[in-house]
Amino acid sequence: MWRGRTDMIELPPPYSAYEPGSFAKFTLEERFPAIVAEAQRSLPADRVADPRWHQLLDTVCSGLAIDTALLAPITPWWAERRCSLAGKSWRELGFMELEFVFYHTLNSLAGFPGHDLFAQARTAALATALPMLNRLLASAESIDFDQALDLALFGNSVDLSQVARVRGLASNIVVDERRALRAIASKACDIHLVADNAGEELCSDLLLCSALLEDSQSTVTLHLKPWPMFVSDALTSDVDRSLDAFAAGSTQLSGVAARLKQAAAEGRFVTAAAVDWGEPRAFDAMSPSLTATLAAADLVLLKGDLNYRRCIGDRSWPATTPIAQAANVPFGPTFALRVLKSEAVAGLAVSEEAALDAEQPQWRTNGKFAMVQRVDIGRPSCR
């Protein structure tokens with residue numbers, strides 16, 4: 001694994017989905033059944049009756065053999081991985097890959113790529129987001145970069161795959177490097193934002209894109225999932241629907257829509273959907289083309305838990321591990337913006353971790369804490 005340094009680092013194991021008492025184990029036992037039930041509600045009755053839905057749940061929860069015949073080989077990566085998974089059990093997968101293989105099996109069972117299992121959930125999330133944004137913007141003449149950044153950060157508190165959905169602002173920022181981000185953003189011309197969830201979060205991300213484009217020299221590329229995978233993954237079609245909804249909304253929202261559509265026509269606002277985002281790749285294992293694209297950027301913003309897990313290989317680093325040691329991001333400057341809803345974290349002070357453990361033992365996963373953290377490995381901050 002590339003680390004930007006010459007000494008050897010002993011890597012901790014990836015998070016296991018079968019560790020008693022872990023968030024991953026909770027995901028298997030509580031979240032996966034609810035997600036399967038939601039997926040089935042979008043299907044015709046004859047498809048719901050397929051026994052393979054329950055067989056999938058049983059084998060995942062028990063850690064039994066993976067039925068690779070269910071996995072559609074939609075990319076060269078998935079085709080190769082399907083072959084290499086033959087004879088393996090779910091228990092042999094790290095948590096991040098297990099989630100991807102589980103969701104890919106769901107989509108394959110649903111007739112991937114012809115059926116979008118979670119389209120209704122994302123449509124409902126957009127409908128919920130619009131009144132909130134209209135209220136927020138009603139009394140504001142404009143949204144500046146700092147306000148848009150906070151909205152984009154805390155928009156990540158809404159995740160449609162959570163059994164108990166977390167809403168509202170996170171109460172604490174455990175790593176706060178907003179000042180450093182702001183300094184780099186003020187000089188950056190080529191900015192890339194890797195999105196996470198549709199609905200409220202994507203709407204907030206679009207406000208941030210609009211704020212970043214206030215500088216007439218800037219270009220913003222918004223990276224989205226290439227196909228439906230997790231419940232609330234933001235797709236290119238969600239951007240189009242969100243902007244259409246903005247255009248029909250308040251004066252402020254319609255102004256954001258007009259600005260982004262004009263920027264798109266000028267080639268300054270671009271959406272991209274590399275297949276890498278639909279595969280369980282860490283950032284040091286991305287395709288050469290995507291790595292080169294991100295390496296050429298002046299600033300990369302990574303939204304959400306999944307992208308953070310890609311940053312540190314979803315490995316069980318102690319929370320006090322320096323981020324330069326845990327991170328695997330071979331380009332920069334790169335900042336993670338996330339509300340914590342998984343156990344993966346690095347870069348905290350020893351005293352801060354101790355205080356969090358004492359006051360709120362579930363701080364890593366309860367959605368009440370956030371971070372804005374630089375996660376690349378010692379790259380220059382300006383070109």
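Student: Where does aspartate 314 lie?
Tutor: Aspartate 314 is in the loop between H13 and H14. Keep in mind that this is a predicted model.

Student: Is aspartate 314 buried or exposed?
Tutor: Buried. Its relative accessibility is 3%, and buried means under 20%.

Student: What phi does aspartate 314 have?
Tutor: A positive one, about 50°, although aspartate 314 is not a glycine. As background, most residues other than glycine have a negative phi.

Student: And which residue just after H13 takes a positive phi?
Tutor: Glycine 313. Its phi is about 70°.

Student: OK, H13 itself. How many of its residues are buried?
Tutor: 8 of its 8 residues. The helix spans residues 304-311 and is mostly covered. The buried residues are Gly304, Asp305, Leu306, Asn307, Tyr308, Arg309, Arg310 and Cys311.

Student: What covers the buried residues of H13?
Tutor: The cover includes two helices, H5 and H14 (323-326). It also includes strands S2 (190-194), S5 (299-303), S6 (334-339) and S7 (369-374).

Student: What lies in the loop between H14 and S6?
Tutor: Proline 333 is in that loop.

Student: Is the peptide bond from glycine 332 to proline 333 cis or trans?
Tutor: It is cis, with omega near 0°. In general, most peptide bonds are trans.

Student: Back to H5, then. At what angle do H1 and H5 pack?
Tutor: About 15°, with the axes 12 Å apart. H1 covers residues 23-41, and H5 covers residues 95-109. An angle under 35 degrees counts as roughly parallel, so H1 is roughly parallel to H5.

Student: Which residues make that contact between H1 and H5?
Tutor: From H1, they are Ala24, Thr27, Leu28, Arg31, Phe32, Ile35 and Val36. From H5, they are Phe95, Leu98, Glu99, Phe102, Tyr103 and Leu106. By class, the contact has 10 nonpolar, 1 polar and 2 charged residues.

Student: Is the crossing of H1 and H5 left-handed or right-handed?
Tutor: H1 passes H5 in a right-handed crossing.

Student: Now H1 and H3. At roughly what angle do they cross?
Tutor: Roughly 170°, and the axes come within 10 Å. H3 is the helix of residues 52-62. Over 145 degrees counts as roughly antiparallel, so that is how H1 and H3 run relative to each other.

Student: Which residues make the contact between H1 and H3?
Tutor: H1 gives Lys25, Leu28, Phe32, Pro33, Val36, Ala39 and Gln40. H3 gives Trp53, Leu57, Val60 and Cys61. These residues divide into 9 nonpolar, 1 polar and 1 charged.

Student: New topic: phenylalanine 246. Where is it?
Tutor: In helix H10, residues 236-247. Phenylalanine 246 is buried, with a relative accessible area of 0%.

Student: How many residues apart are phenylalanine 246 and leucine 130?
Tutor: 116 in sequence. In space they are 7.9 Å apart, C-alpha to C-alpha.

Student: Next, which helix holds phenylalanine 145?
Tutor: H7, residues 145-155. Phenylalanine 145 counts as buried because its relative accessibility is 18%, and the cut-off is under 20%.

Student: What does phenylalanine 145 touch?
Tutor: Leu181, Arg182, Ala185, Leu208, Ala211 and Leu212, not counting residues up to four places away in sequence. Phenylalanine 145 and leucine 212 are 67 residues apart in sequence, but 6.9 Å apart in space, C-alpha to C-alpha.

Student: Which helix is serine 210 found in?
Tutor: H9, residues 200-212. Serine 210 counts as buried, at 3% relative accessibility. Not counting residues up to four places away in sequence, serine 210 touches Val256, Arg259 and Leu260.

Student: Is cysteine 83 buried or exposed?
Tutor: Exposed, at 61% relative accessibility. Cysteine 189 counts as partly exposed, at 34%.

Definitions and conventions: Residues are numbered from 1 along each chain as its sequence is written. This is a predicted model: local features need pLDDT of at least 70, side-chain atom pairs count only at pLDDT 80 or more; totals for chains, interfaces and linings use all residues. Side-chain values use heavy atoms; hydrogens and water are left out. Buried means under 20% relative accessible area, exposed over 50%, partly exposed in between (1.4 Å probe, protein chains only). Helices (H or I, at least four residues) and strands (E, at least two) are DSSP runs, numbered from the N terminus. Contact means heavy atoms within 4.5 Å. Axes are lines fitted to C-alpha atoms, for helices over the stretch in contact, and angles run from 0 to 180 degrees between N-to-C directions. Angles under 35 degrees count as roughly parallel, over 145 as roughly antiparallel, 65 to 115 as roughly perpendicular and the rest as oblique. A crossing is left-handed if the near helix is turned anticlockwise from the far one by less than a right angle, and right-handed if clockwise. Ala, Val, Leu, Ile, Met, Phe, Trp, Tyr, Cys and Pro count as nonpolar, Asp, Glu, Lys and Arg as charged, and the others, Gly among them, as polar.
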